[in-house]
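Colleague: I am new to this structure and would like to learn how to read its features. Could we go through them one at a time?

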Amino acid sequence: MTSPKQAAAVAAVPSPVVTGRGPRRSVLFFAFAFAVIADPVSSVAYAIEAALRALHGDLALLLPTMSLVVGLVVVVTANYWQLVRRFPKGGGAAAAAGRAFGARWTFLPIGALVVDFVLTIGISIAAAASAVIALFPGLAPWRVPLALLLLVVVAGLTWFGHGGRLLFAFMTVAFVIVSVSVLVLGFTSPHTTGHAATSTAPGHSAVLAVVLAFPVAMALATGIEAPSTAIAQLGQLDDTHRRRFGRGTLALLLVIVGGLTLALTTLAVRLHTGIPGADSTQIADIAHAAAGPGWLYGAFQLTSSLLLLAAASSSFQAGPGLLKALSGTADRPGVLPPVLGRTNRHHTPYWSVVVYLGAAALIIVAAAGQEQELVLFYAVAVFVSFLVGLIAMARFATRENNRVLAWLNGLAAVAVAFTLAVNLLRGWPILSLAATLLIAAGLYARWTAAGRPTGIEDVEARAEAG
């Protein structure tokens, strides 16, 4: 996809205010940053293949396509850099929309995030199952049961709360280290090369082919919003240091995700690694061509599958956390039924977890456990949130007579809107938009019926702080 998707994966144990520049703050930043970026890093596992499939296997156009994707990721990241500065206590696009246009607009990015969490869980679980099958092809006939088993296991672990958050950070680091090892070996002494043709003549102009293909791979951008909301969990820091943590995480995200994406794409072209077979993935084929069938390939598949499960687990924490915040508290009226806010002794809103478990299971079965089928729906809902956030920031810049930022945010909004439109023109992805609008409208109706309680703009920050 936490994002808000990874926001719930922040590895910080409640503690007194952290001061100074000692090792304590360094450890906190490590745990925070690498846990939060687990989701966008895990997106590398399927975004490159999604682009290649949209290009009909044309390797010659793969690097220009992914370069455009990374460029747009930079644009979106720049907007969240501004959001962190303006909202150091968290809140993301929902807070920006509510304060720029009024509380009722808060529900559009919230609806987008609810859909995004479900898709993140479904795609991450399906991709993890694919990684396991690539390593053990004999499991291929059991793809859907395997995916559902992994789904239930991850959901079950959520019952115990956030105790394993630090593990997410180590999973991210492990995947990055193993990936760098594969890349070094692949560029210096590859095990073999594939037989895919460099170009398959797309049948229309190369520029048009890239323009039509890159929006599908914008799944890579999911998770960028995580630092802007996850900083709400850093109650032991003041606003200045929360800004530094948020912006530092965004910078790290950009370097790691952008670097891995472009390096793996270049290696795929260099080793002629085309569209994979039914029981493999492109990223698995790249690792196999680079390292051979030995221990490094096994480590790559293991770390990638664990990272994908971590991404799903974070959404199983952030998504139900958002529903819990929307259900209200004893002293704050809620929008959703109170039952969704009931928690166990580990502070897990278990009925909200059940809601996400059921929704994710449904889409996994509908897609036959194929993450590439689900990727087509991915970069829609979250781009609604991106678009609302960009327009809100342009509104703030206009109010403050900052013409440079107003123009930059406006142009970025146009780019995001174009990406969203191209994805919607594919047909079926419109279901993601419909679900987003339906959820947003339903939440707005319940908010109105509840007497329009104040503070709805801060619901994401409350969900993370809780």
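Modeller: We start with how elements are named: helices are DSSP runs of H or I with at least four residues, numbered from the N terminus. Thr172, for instance, is placed in helix α9, residues 165–188. Keep in mind that this is a predicted model.

Colleague: Is Thr172 buried or exposed?

Modeller: Buried means under 20% relative accessible area. Thr172 has a relative accessible area of 0%, so Thr172 is buried. The C-alpha atom of Thr172 is separated by 8.2 Å from that of Thr303, and the two residues are 131 apart along the chain.

Colleague: What separates the C-alpha atoms of Phe87 and Phe117?

Modeller: Those two residues are 30 apart along the chain, and their C-alpha atoms are separated by 22 Å. Phe87 lies in the loop between α5 and α6, the latter covering residues 92–101. Phe87 is buried because its relative accessible area is 10%.

Colleague: How do I read the pair of helices α5 and α12, and at what angle do their axes cross?

Modeller: Angles over 145 degrees count as roughly antiparallel. The axes of α5 (residues 62–86) and α12 (residues 239–270) come within 10 Å and cross at roughly 180 degrees. Therefore α5 is roughly antiparallel to α12. Sorted by class, their contact has 15 nonpolar, seven polar and four charged residues.

Colleague: Now salt bridges. How many does a search of the whole structure find?

Modeller: The general idea is that side chains of opposite charge can pair when their charged atoms come close. The search of the whole structure finds four salt bridges. One of them joins the side chains of Glu49 and Arg53, at 2.9 Å from N to O. Both residues lie in helix α4 (residues 44–54), four residues apart, about one turn of the helix. Glu49 counts as buried because its relative accessibility is 3%, whereas Arg53, at 34%, counts as partly exposed.

Colleague: Which residue forms a salt bridge with Lys89?

Modeller: Asp239 does, with the closest N and O atoms 2.9 Å apart. Lys89 lies in the loop between α5 and α6 and Asp239 in helix α12, so this pair ties together parts that are 150 residues apart in sequence. Asp239 is partly exposed, with a relative accessible area of 23%. Arg242 also forms a salt bridge with Asp239, and here the closest N and O atoms are 2.4 Å apart. Because Arg242 and Asp239 are three residues apart in helix α12, about one helical turn separates them. Arg242 counts as buried, at 8% relative accessibility. Through shared partners, salt bridges join Lys89, Asp239 and Arg242 into one network.

Colleague: What is there to say about the phi of His272?

Modeller: Most residues other than glycine have a negative phi. His272 is not a glycine, yet its phi is positive, about 55 degrees. His272 is found in the loop between α12 and α13 (282–291) and counts as partly exposed, at 27% relative accessibility. Asn401 also has a positive phi, near 60 degrees. The place of Asn401 is in the loop between α16 (371–399) and α17 (403–424), and at 67% relative accessibility Asn401 counts as exposed.

Colleague: Last, the surface. Which residues form a nonpolar patch there?

Modeller: Phe136, Leu139 and Trp142 do, with about 340 Å² of accessible area together. Trp142 sits in the loop between α7 (107–135) and α8 (143–158). Trp142 is exposed because its relative accessible area is 56%, and exposed means over 50%.

Methods. Residues numbered from 1 in each chain as written. Predicted model: local features only at pLDDT ≥ 70, side-chain atom pairs only at ≥ 80, totals over all residues. Heavy atoms only, no water. Patch = residues over 30% accessible without salt bridge, like charges linked within 9 Å, V, L, I, M, F, W, Y side chains within 5 Å. Areas by Shrake-Rupley, 256 points an atom, 1.4 Å probe, with all protein chains shown as cover. Helix = DSSP H or I, 4+ residues; strand = E, 2+ residues; numbered from the N terminus. Buried < 20%, exposed > 50% of the residue type's maximum accessible area, 1.4 Å probe, protein only. Axes fitted to C-alpha atoms, helices over the stretch in contact; angles between N-to-C directions. Parallel < 35°, antiparallel > 145°, perpendicular 65-115°, else oblique. Nonpolar A, V, L, I, M, F, W, Y, C, P; charged D, E, K, R; others polar.
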